[in-house]
Amino acid sequence: MLDGKSVVLIGMPGAGKSTIGVMLAKELAKDFIDTDILIQSSENATLQEIMDEGGYLHLRDIEADVIQNAHYHNHVIATGGSAVYSEEAMKHLATLGPIVYLEASLAELRRRIHNYESRGIARREDQSFEDVFDERTLLYRRYADITIDGDGRSQGAVLKTTVEKLLAL
Ligand SMILES: Nc1ncnc2c1ncn2[C@@H]1O[C@H](COP(=O)(O)OP(=O)(O)O)[C@@H](O)[C@H]1O
Ligand SMILES: O=C(O)C1=C[C@@H](OP(=O)(O)O)[C@@H](O)[C@H](O)C1
Ligand SMILES: [Mg+2]
């Protein structure tokens with residue numbers, strides 16, 4: 001399906017990249033990889049530990065590096081919410097296949113995420129979740145080939161629309 005290309009998921013923490021990514025891989029008969037898992041296994045540390053050790057910019061650097069070395073074809077690739085800070089990483093991902101932005105409003109994300117402080121979001125300490133949302137929304141929109149509105153919609157509904165839009169490309 002999709003000529004052996006990969007499908008890349010981007011969006012805010014809580015958008016559903018990791019959970020819907022697995023469902024999408026099954027639906028499209030592709031393999032699945034989550035770049036957060038790649039980071040953790042390459043560093044032998046959790047994302048939170050990496051950030052505690054070296055700060056959020058260190059995590060973003062590692063993320064950019066790991067993504068640029070990820071040559072996964074015929075995969076669904078779930079990225080971390082901060083992947084869009086690296087233009088090089090996003091350019092590389094675009095060579096692997098279409099980029100799907102799982103969009104959700106701030107209110108919807110707040111309903112889904114309750115551990116904002118401890119979830120390991122790569123942000124300046126003075127940035128609120130809303131600040132991060134505003135800063136990144138522009139970036140997600142810039143890189144998206146397809147945007148899926150997930151507000152008030154079940155994972156199954158988001159999955160269905162995503163598959164339809166991908167097959168219509
Ligand atoms: N469409 C949805 N409706 C309700 N909850 C969702 C939806 N998509 C994801 N979730 C929930 O939001 C949380 C974060 O999902 P996750 O896939 O880890 O997001 P991400 O990888 O984008 O940070 C999980 O508990 C997941 O079950
Ligand atoms: O948005 C972020 O800054 C981050 C999101 C996380 O992934 P999810 O988007 O899958 O939660 C993970 O990459 C890291 O903790 C940083
Ligand atoms: Mg995730």
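Modeller: Start with burial: a residue is buried if 20 or more other C-beta atoms lie within 10 Å of its own, exposed if 12 or fewer, and partly exposed in between, with C-beta atoms placed from the backbone. This is a predicted model, where local features need pLDDT of at least 70 and side-chain atom pairs count only at pLDDT 80 or more, while totals for chains, interfaces and linings use all residues. Residues are numbered from 1 along each chain as its sequence is written, and chains are lettered from A and ligands numbered from 1 in the order in which they are written.

Colleague: Why is N74 called partly exposed?

Modeller: N74 has 18 other C-beta atoms within 10 Å, so it is partly exposed. N74 sits in the loop between α4 (56-68) and β3. Helices (H or I, at least four residues) and strands (E, at least two) are DSSP runs, numbered from the N terminus.

Colleague: What does N74 touch, leaving out residues up to four places away in sequence?

Modeller: G4, S6, K30 and D31. Contact requires C-beta atoms, placed from the backbone, within 7 Å. G55 is 19 residues from N74 in sequence, and their C-alpha atoms are 33 Å apart.

Colleague: What makes β2 and β3 a pair?

Modeller: Two strands pair if DSSP finds at least two bridges between them. Four bridges join β2 to β3 (residues 75-78), so these parallel strands pair. D34 stands opposite A78 in β3.

Colleague: What is the strand order of the open sheet?

Modeller: Its five strands run β2-β3-β1-β4-β5, with parallel pairing. β2 (31-34) and β5 (146-149) are called edge strands because each pairs on one side only. From one strand to the next, the twist averages 20°. Axes are lines fitted to C-alpha atoms, for helices over the stretch in contact, and angles run from 0 to 180 degrees between N-to-C directions.

Colleague: Which strands does helix α2 lie across?

Modeller: α2 (residues 35-43) lies across β2 and β3, at about 60° to β2. α8 packs on the sheet too, touching β1 (7-10), β4 (99-103) and β5, and its direction makes about 160° with that of β5.

Colleague: How many residues surround ligand 1?

Modeller: There are 16, and the closest are G16, K17, S18, T19 and R112. α1 gives the most to this shell, with four residues.

Colleague: Which residues does L102 contact, apart from its neighbours within four places in sequence?

Modeller: L9, G11, A15, G16, K17, I20, I148, G150 and V158.

Note on methods
Two residues are in contact if their C-beta atoms, placed from the backbone, lie within 7 Å. A residue is near a molecule or strand if its C-beta atom, placed from the backbone, lies within 6 Å of it.
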